[in-house]
Amino acid sequence: MPTTIENRKLDMKDFHKADLIIYGIKLPWDKPSDLIRMLGQQAATSTTMTPASTKLTLKKGTGQLPGALSETFVVDSYWQNLTDDLYLGLKRVVREGLKVGIWRFDFNGKRDDPEAPGQFVVPATFAQAYPNGMPDTEAVNNVLHSNITYNVDGESQEGVTKQAELDPAIYKVGLQMYDFAHNTDFGGTADPQLSPMDQYMQAHGTTTNTNSSAPKA
């Protein structure tokens, strides 16, 4: 008897793995040429897409009219010493009410790129979003991490991202509002800012630490 969906035994290969969902980010002061970088080291992540509805009172009952969608990306990120600039950058974004560019990559759907032999393409969802805060979870015997909800401005858009647009950390370590964006479509709208430590070291004529959060020139 031929194997069909109905009679074959299912295993884990038949399902999308949540471990292969990776989030990328660009900050407003990143250069347009900068690559999309990994949003921390992800733990649990999720999305919401909730349509609003309006009640319409009729003589014989109540009807419902569909309204606008409300979307969020929820990312629980663990911070490494080498990503201090991202950690501090997100704090600045929250303080100043700025938007970030955020990508949700589904590496379950990664494919070889027919236009670039040896490279891949990956399906992605892009949005510009406001983080709802920068909470620090400081549990004893654990590492510092932040569970952040990114409230999507407008609607997210589906598209495809090329390997050349990604910081290698996205696939090595982890595995515009109405238009899908590539790495060159976001960044360059705000100035970089030194961390307090880098400002102090610079003011006193000392070179910065190798784990410095100072933006690269």
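Biologist: Looking at this predicted model, how do strand E4 and E8 pair, parallel or antiparallel?

Modeller: Two strands count as paired once at least two bridges are found between them. Here strand E4, residues 61–78, pairs with E8 in the antiparallel sense, over 7 bridges.

Biologist: Okay, how many residues of E8 are buried?

Modeller: The cut-off for buried is under 20% relative accessible area. In E8, 6 of the 8 residues are buried, so the strand is mostly covered.

Biologist: Let's pick a residue, then. Where is His 145, and why does His 145 count as buried?

Modeller: His 145 sits in strand E8, which spans residues 145–152. His 145 counts as buried because its relative accessibility is 9%, and the limit is 20%.

Biologist: Which residues is His 145 in contact with, leaving aside neighbours within four places in sequence?

Modeller: Contact here means heavy atoms within 4.5 Å. For His 145 the list is Asp 76, Ser 77, Tyr 78, Trp 79, Pro 135, Asp 136 and Thr 137.

Biologist: With which side chain does the side chain of His 145 make a polar contact?

Modeller: That would be Asp 76, side chain to side chain, at 3.0 Å.

Biologist: What about Tyr 87: how far is its C-alpha from that of His 145?

Modeller: The C-alpha atoms are 9.8 Å apart in space, while Tyr 87 and His 145 are 58 residues apart in sequence.

Technical notes: Residues are numbered from 1 along each chain as its sequence is written. This is a predicted model: local features need pLDDT of at least 70, side-chain atom pairs count only at pLDDT 80 or more; totals for chains, interfaces and linings use all residues. Side-chain values use heavy atoms; hydrogens and water are left out. Helices (H or I, at least four residues) and strands (E, at least two) are DSSP runs, numbered from the N terminus. Buried means under 20% relative accessible area, exposed over 50%, partly exposed in between (1.4 Å probe, protein chains only). A polar contact is a pair of N or O atoms within 3.5 Å; within protein, one must be able to donate a hydrogen and the other to accept it, and residues adjacent in sequence count only if both atoms are side-chain atoms.
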